[in-house]
Amino acid sequence: MAPASWLDKLEEQLNVDVDWMDPEYIKSMLPKIRFHDRTSNQLWADVQLGHESNADLLREVTKELRDQGWLAIYTRMAVLMCRKNVDMIQGRCLLQTLPSKTYDTEATLSHAPVACAQAGCLYISPYYNETQAHDDPKLWPNVRDPATQHPNSPRIIQVLPVYKKLYKETGKEQPLVKNASFISPEEVMAAGEMGCHSATISHTVLNELATRPYDASAQPGQGEPKRLHAYKDARVLPARFEPLLAIDPLSSENKAAIHEVSYVDYLADGGKKLDEAIVADPGTTRRLKVALELFASAESRSREKVERAMKEAA
């Protein structure tokens, strides 16, 4: 029997998701692993929209929906590309709403009526690394023990006990934590040890995880097996993480504040408190702006592809 890989061990600790839309890649990982969910963003949707394997599909959809505009074609294509993945995974396919309409409530609601009509979220998906760090090594905290040394680890660790407490006090299901935006396999293993419920991982990092033999003695820490119910039977926080509950390296004061805002109603008054919290956090404000610009740019490239197809079909 082949030794267990990092990927095998990770799947014991959390649900492994794939952050890539290529059905051939997902198929190539079977039966080694059947991913739980498949996530995406405008970048990955644009890559697949321009892939030769979808050229005929784009022509067919454009011919059918060209009188309804580019967005109808883009949305249909995104859903049909999800269909190519869904039978090869265990769970759900995720599509993002339009980043160009982030602050347009009506436009967002019209593009995603079911998800936005729900009172609660199924997941939160914090980005472990900022989007620019994937292209600029100077922005990536390349540390040996990400679970304790990465500047975003304290925020991940701090949100889990808050949800555990809210579940205990209210009896209501709380969002699950689906960590994202990993650059190294070590960061993904940290997500397992920190107690995240799932991790959505790029195909490049997944390939590394699948080929590394797992040696527990070489790991800085060990994650516990995932639980049947995330908060009813929540995992105990490892002792080595306790100092991280009090700090926040991403804030100006390096002081954790999540316990102070756990009971603020961020949805009241049109999300006024949420807007204020974002403005008060320069790091979040900058990262949000950069991410929205990145995804909006990819959306624009997809629009150009669709509009070109519309001209060719005219």
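Me: Where is serine 181 found?
Reply: This is a predicted model, in which local features need pLDDT of at least 70, side-chain atom pairs count only at pLDDT 80 or more, and totals for chains, interfaces and linings use all residues. Residues are numbered from 1 along each chain as its sequence is written, and side-chain values use heavy atoms, with hydrogens and water left out. Helices (H or I, at least four residues) and strands (E, at least two) are DSSP runs numbered from the N terminus. On that numbering, serine 181 sits in the loop between strand E3 (176-179) and H10.

Me: And what is the phi of serine 181?
Reply: Serine 181 is not a glycine. Even so, its phi is positive, at about 65°.

Me: Is the peptide bond from leucine 30 to proline 31 cis or trans?
Reply: Proline 31 belongs to the loop between helix H2 (23-28) and H3. For the bond from leucine 30 to proline 31, omega is near 0°, and the bond is cis.

Me: How is H3 oriented to H13?
Reply: Axes are lines fitted to C-alpha atoms (for helices over the stretch in contact), with angles from 0 to 180 degrees between N-to-C directions. Angles under 35 degrees count as roughly parallel, over 145 as roughly antiparallel, 65 to 115 as roughly perpendicular and the rest as oblique. The axes of helix H3 (residues 42-49) and helix H13 (residues 282-313) come within 8 Å and cross at roughly 25°. That angle makes H3, relative to H13, roughly parallel.

Me: How many charged residues are in the contact of H3 with H13?
Reply: Contact means heavy atoms within 4.5 Å, and H3 contributes Gln42, Leu43, Asp46 and Leu49, while the H13 side includes Phe295, Glu299 and Arg301. For classes, Ala, Val, Leu, Ile, Met, Phe, Trp, Tyr, Cys and Pro count as nonpolar, Asp, Glu, Lys and Arg as charged, and the others, Gly among them, as polar. The contact divides into 6 nonpolar, 2 polar and, for charged residues, 4.

Me: Does H4 pass H5 in a left-handed or a right-handed crossing?
Reply: Helix H4 (residues 55-65) and helix H5 (residues 70-86) pack at about 140°, with axes 10 Å apart, which makes H4 oblique to H5. Leu57, Leu58 and Val61 are among the H4 residues that meet H5, where the partners include Ala72, Ile73 and Met77. A crossing is left-handed if the near helix is turned anticlockwise from the far one by less than a right angle, and right-handed if clockwise. The crossing of H4 past H5 is right-handed.

Me: How is H10 oriented to H11?
Reply: Pro185, Val188 and Met189 in H10 meet Val205, Glu208 and Leu209 in H11. The axes of H10 and helix H11 (residues 203-211) come within 9 Å and cross at roughly 80°. That makes the orientation of H10 to H11 roughly perpendicular.

Me: Which element gives the most to the lining of the second largest pocket?
Reply: The lining residues divide into 17 nonpolar, 10 polar and 7 charged. Helix H9 (153-170) and helix H10 (185-194) are the elements that give two or more residues to the lining of the second largest pocket. With 4 residues, the element that gives the most is H9.
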